[in-house]
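Hi,

Here is the model I promised to pass on. Have a look at it first, and my notes come after.

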Amino acid sequence: MSSEFIFNLFYLLLSFGLIYPPAEFISAGFTIQNWFGTILGSEKERFVKYHIKKSILNLFIYSCLPAIYIDLMYLLGFVELYSLFVDTTTFWKIFVTSSIAIPFLALYEIKRWTDNNFQNHPIVRNLTKYCNNNNSWEAVASDIENEFRRLEIVSIRTNPIVKVVVTENWIIKVCPLTLFVTHQSDATLDVKEATNYHLSHISPSETQFLNIEVKSGRVEPFTIRINSNEFQDLEDRLARSINVLPEVKFHKNITEQFLEVFSETVKKNPRYHTDIELDQCIGCLQTRPSIKLQKQCPDNEVPGRNCSNCFCRPMWCLDCITKWFLSRQEPEQKNQWLSSKCTCPMCRATFCVLDVSLLDDIEE
Ligand SMILES: [Zn+2]
Ligand SMILES: [Zn+2]
Ligand SMILES: [Zn+2]
């Protein structure tokens, strides 16, 4: 491997790590925020000012990366000054010229952003939409900053460079170059999409990510992407609930998810026929019993750990027996819930999901 190749690889990783810092970079303090902490000030104290400064800094540093690359190539002796511009390929000429031009274009853009009290800065343009009675954007900024200083904010990091902050009245999506801001009073949130990821092929558990669209009459809609585990935190902080569009298959919590998987499995078991007159389910007293416990699973090799037959008449609805089953499981061992056992609430006979039969007159 030539040293030039190693340098290229190193520089590529370094640039990528600066723009999209992985956890290792962040914990080692290898981030733009960390290096320029004194210029940026405190996010907690001056949230909006901090992000305006950060966006300017980010834009400038990103724009300098190609030029720094060429400088280093020259300083390390991989290229001659002469061959940078003259004796070289067209691609390289374009690259060298644009890498010199880009920082100047960025500076021009930064000048445009900062002119007239930041009027053209993307963050300020978003805040201006919330100026009432000829207020300046600074009044909106200071309102957000006051709320951000309080303890009861929700801050969810969605990836290394984007986070969602919800304060008492504001929903803010923080991006490297801008803030998307909307006031809770005129925002509606819809879960538009839920995507599942299997993190490992050994474990059946999966991670679900939700794309939530934040719409408002005053600003352009924007999408926030969160892990479904964080849904509840987010919803608790909002003044109104989040709509889940009908076509989105999404479980607000692990209990709901388990209830669905359990009942889907039960529906595949053989049905049970009974002619006896049944009262209400003794768990909820709201519906007819819908299941019968009867041993159907094969015995396993470990004696004493097999299921046993339950002779109780049907007394429970599927919902109640599932919740009972769930209440007897170890909270930490989510992966084993479906394959573990439980006892009949009345006779203590052991049963598993295979031993729960729907009554044959129950419609799915
Ligand atoms: Zn019930
Ligand atoms: Zn029983
Ligand atoms: Zn069983």
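Below is what I found, going from the overall shape down to single residues.

First, the housekeeping. Residues are numbered from 1 along each chain as its sequence is written, while chains are lettered from A and ligands numbered from 1 in the order in which they are written. This is a predicted model, so local features need pLDDT of at least 70, side-chain atom pairs count only at pLDDT 80 or more, and totals for chains, interfaces and linings use all residues.

On confidence (pLDDT is the predictor's own confidence in each residue, from 0 to 100): the protein chain averages 88, with 96% of its residues at 70 or more. Where pLDDT is low, the predicted coordinates should not be read in detail.

**Overall shape**

The protein chain has twelve helices and twelve strands. These are DSSP runs numbered from the N terminus: H or I of at least four residues for helices, E of at least two for strands. The C-alpha trace spans about 95 × 65 × 35 Å along its principal axes.

There are three domains: domain 1 (3-120), domain 2 (125-251) and domain 3 (255-358), with bounds from an automatic or database domain assignment. Between the C-alpha centres of domain 1 and domain 3 there are 60 Å.

Buried residues account for 19% of the 364. Buried here means 20 or more other C-beta atoms within 10 Å of the residue's own, exposed means 12 or fewer, and partly exposed is in between, with C-beta atoms placed from the backbone. As for contacts (C-beta atoms, placed from the backbone, within 7 Å), 58% of those between residues at least 6 apart in sequence join residues at least 24 apart.

**Cores**

A nonpolar core is a set of buried Ala, Val, Leu, Ile, Met, Phe, Trp, Tyr and Cys residues joined through C-beta atoms within 7 Å. The largest has 32 residues, of which Leu 127, Ile 144 and Ile 172 touch the most other members. Helix H9 (residues 137-149) is the top contributor to this core, giving five residues. Where does this core lie relative to domain 1 and domain 2? Both domains give residues to this core, so it lies between them. Beyond its neighbours within four places in sequence, Leu 127 is in contact with Trp 137, Val 140, Ala 141 and Val 181.

A second, separate core has 19 residues, including Cys 310, Trp 316, Cys 320 and Val 353. In helix H12 (residues 318-327), the buried residues are Leu 318, Cys 320, Ile 321, Thr 322 and Phe 325. Their cover includes helix H11 (254-267) and strands S9 (291-293), S10 (342-343) and S12 (356-358).

**Annotated spans**

An unreviewed UniProt entry places "transmembrane region" at residues 6-36, 56-79 and 91-110. UniProt positions are in the numbering used here, feature names are shortened, and annotations may be inferred rather than shown by experiment. In the model, residues 56-79 are 83% helix and 0% strand, with end C-alpha atoms 31 Å apart. Residues 91-110 are 100% helix and 0% strand, and there the end C-alpha atoms are 28 Å apart.

**Single residues to look at**

Most residues other than glycine have a negative phi. Phe 118, in helix H7 (residues 90-118), has a positive phi near 65°. Phe 118 counts as buried because it has 20 C-beta neighbours inside 10 Å. Arg 348 also has a positive phi, of about 65°, and is in the loop between S10 and strand S11 (350-351). With 9 C-beta neighbours inside 10 Å, Arg 348 counts as exposed.

Leu 40 is in helix H4 (residues 37-40) and is buried, with 20 other C-beta atoms within 10 Å. Leu 40 and Tyr 50 are ten residues apart along the chain, and their C-alpha atoms are separated by 5.5 Å.

Finally, Phe 250 is in the loop between strand S8 (243-244) and H11. Phe 250 has 16 C-beta neighbours inside 10 Å, so it counts as partly exposed. Leaving out neighbours within four places in sequence, its contacts are Val 191, Ala 194, Gln 208, Leu 210, Ser 228 and Val 244.

Cheers

Key: Contact = placed C-beta atoms within 7 Å.
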